[in-house]
Amino acid sequence: MAMTIAATDISVAGGEPAQLRRSISWTGAFWVASGVPPLVLFSIGGIAGTTGTPAFAIWAASMLMGFLQSFVYAEIAGLFPNKSGGASIYGAAAWVRYAKPVAPLSVWCNWFAWTPVLSLGCSIAAAYILNAIAPIPGADAASVASWLTANGAGLGNIPDAEKTAAAVTALTPTIRTWTLFSGSLGPVSFSLNSAFFVGALLMLGTFAVQHRGILSTARVQKFVGLLVIIPLLIVGVAPLLQHGVNWSNFSPFVPLAAAYAPEPGAWNISGWTLVLGGMFIAAWSTYGFETSICYTSEFKDPKTDTFKAIFYSGLLCIAIFVIVPFTFQSELGLTGMLATPIVDGSGVAAALAHMVGGGPIIENALVMLMILALMLCLMTAMAGSSRTLYQGSVDGWLPKYLSHVNHNGAPTNAMWTDLCVNLVLLAIACADATSFFFILAVSNCGYIIFNFLNLNSGWIHRIDSGHIDRPFKAPTFIIVIGVFFAFVNAVFMGAGAKVWNPMALWAGLITAALIIPVFFFRHYVQDKGKFPAKMLEDLQVGDAAVMPRKAGVLPYVTLAAGVATVLIANWVFKL
């Protein structure tokens, strides 16, 4: 049965047909995915803080892995020109033949890996906005000295550092400490503070842009992307041309003895654990350009646009993820990278200004650049993650209500779900840095699970669907490398998640498992054990009962080996 190139049709409220529209070329997807490179700013300080001088090499190695993996995703995407939702949807189609729950697991893990970009990005952007309108004075500020002159004697005989801290507290604007409600939830805290409400407004603004459909989103992304990517490249290159490379900041090439402490360690079990923790969290950013193939059913010519979108997005990411971390480390050194404002992201703009030798005007311009960069990330995340939910619903894996699209061709029910979930995550992310990185680590557990399943789906599709025409066919050695990288990623998760939070791995696995009862309800209760005809048509079969399973027991052996790899890595590598 030949695949059609028509857009995906579904039903919406009132019985009127709606669809995701074929309205963009690969350049549109490229610009929508241009929100991925600024993700380097989310964790550039965190990775340096946990790994030390090898940080720049971790970014480069992770980016190289992500680029090679993308060729597997480009091949499997070409098999499904009618599907939206990205690589997880295409990979899930391979696994559904062997274990029905594994298909929605892949889709779900990809979604809860991507969707926190909204909350994490909004929390950092909100911090920049609050710093601009209500800055907290530094310990060496003139206002602090004046306050101490007027009130210092009344503080009694206490150390000068405590007096300075009291002055900073007294001069901190109320809006920076105000909280409507706060508390704790297991290993994390949450707070409905001023940053939460500013972040919520930014999230709603992103929703408004996305509501107008993918073509409108791509146009906005192109404009914002140019404003962000070009300066980011300039900032990455200009300091090297001005000052050269400070090679002393790259030695000794050993991991830290302990996270967030500048003392060098050694290449022992503890050191390797920190490095694997860096590779684990870097993957959340460097692999992310695979979102450029979320829009296959919205491409005008999916046969050519799919490969071009992911290939050129990958080249852009290589430039950013290799150059920017290298320049940061060359300019700031390990001590500068360990500074709290770099680790939590709030001081990155000031660091960029220092790197290019700019004053207050340049710093303010770079603050605006950071906010735009974060908004770019938000739009990329909502566009991709909402389409993952949408296609998962259309294929019978996720709740039915997610398959609704509006008259602009935007999957609004999925977008509302993204919004509501991220308002909860935003309250956690705005509480403190520990909670921020907990969300990041848990979401990345989902991302690693998705990548493991998807990289292995490449060879499963080759075996089961080898007869289907492939607009792009990756060299066989790339498929083999993809399998190897799948298990390397499993090591990253098993060994590295604990670096960010002792409970991150287990919380990530529990979060991943939450989709199983949801899928069982959709498939066995609502759909009576049958998949939608459209999903079977895309698989090139007429009946789920006769789907070819030529790979035998190999997929099951792969799953078991993946679980074993995670558990062994978690046991072997310790801090």
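Begin the tour by selecting arginine 522, which counts as buried because its relative accessibility is 5%. Buried here means under 20% relative accessible area, exposed over 50%, and partly exposed in between, with a 1.4 Å probe and protein chains only.

The model is predicted: local features need pLDDT of at least 70, side-chain atom pairs count only at pLDDT 80 or more, and totals for chains, interfaces and linings use all residues. Residues are numbered from 1 along each chain as its sequence is written, and side-chain values use heavy atoms, with hydrogens and water left out.

**Stop 1**

The term denotes a side-chain nitrogen of Lys or Arg within 4 Å of a carboxyl oxygen of Asp or Glu. Aspartate 527 is itself buried, because its relative accessibility is 13%.

Next select lysine 400, whose side chain also meets that of aspartate 527 in a salt bridge, at 3.6 Å from N to O. This pair links distant parts of the chain, 127 residues apart: aspartate 527 sits in the loop between helix H21 (515–526) and helix H22 (533–538), and lysine 400 in the loop between helix H16 (360–394) and H17. Helices (H or I, at least four residues) are DSSP runs, numbered from the N terminus. Lysine 400 is partly exposed, with a relative accessible area of 42%.

**Stop 2: glutamate 75 and arginine 470**

The structure holds four salt bridges. Select glutamate 75 and arginine 470 for another of them, with 2.9 Å from N to O. Here 395 residues separate the partners: glutamate 75 belongs to helix H3 (residues 55–77), while arginine 470 lies in the loop between H18 and helix H19 (476–500). Glutamate 75 counts as buried, as its relative accessibility is 1%; arginine 470 is buried too, at 11%.

**Stop 3**

Move to the second largest pocket, which holds about 490 Å³ of space. On a 1 Å grid over the protein atoms alone, a pocket is an open set of points where a 1.4 Å probe fits, with protein on both sides within 12 Å along at least five of seven lines; lining residues have an atom within 4 Å of a point. Select Leu425, Ile428, Phe438, Val442 and Thr511, the closest to the pocket centre of the 20 residues that line it.

Then colour helix H5 (102–114), helix H17 (412–429), helix H18 (433–464) and helix H20 (504–513), each of which supplies at least two residues of this lining. The lining divides into 16 nonpolar, four polar and no charged residues.

**Stop 3: aromatic pairs**

Remain on helix H5 and select tryptophan 108 and tryptophan 111, three residues apart, about one turn of the helix. Both are buried. Their rings form a tilted aromatic pair, 5.3 Å centre to centre with 35 degrees between the planes. Rings of Phe, Tyr and Trp (its six-membered ring) pair if their centres lie within 6.5 Å; planes under 30 degrees apart count as stacked, over 60 as edge-to-face and the rest as tilted.

For an edge-to-face pair, select phenylalanine 311 and tyrosine 312, at 5.2 Å centre to centre and 80 degrees between the planes. Phenylalanine 311 is partly exposed at 24%, as is tyrosine 312 at 36%.

Finish with Phe56, Trp247, Phe250, Phe253, Trp267, Trp272 and Phe326, which form one aromatic cluster.

Conventions. Points joined across faces, edges and corners; volume = space filled by probe spheres on them. Nonpolar A, V, L, I, M, F, W, Y, C, P; charged D, E, K, R; others polar.
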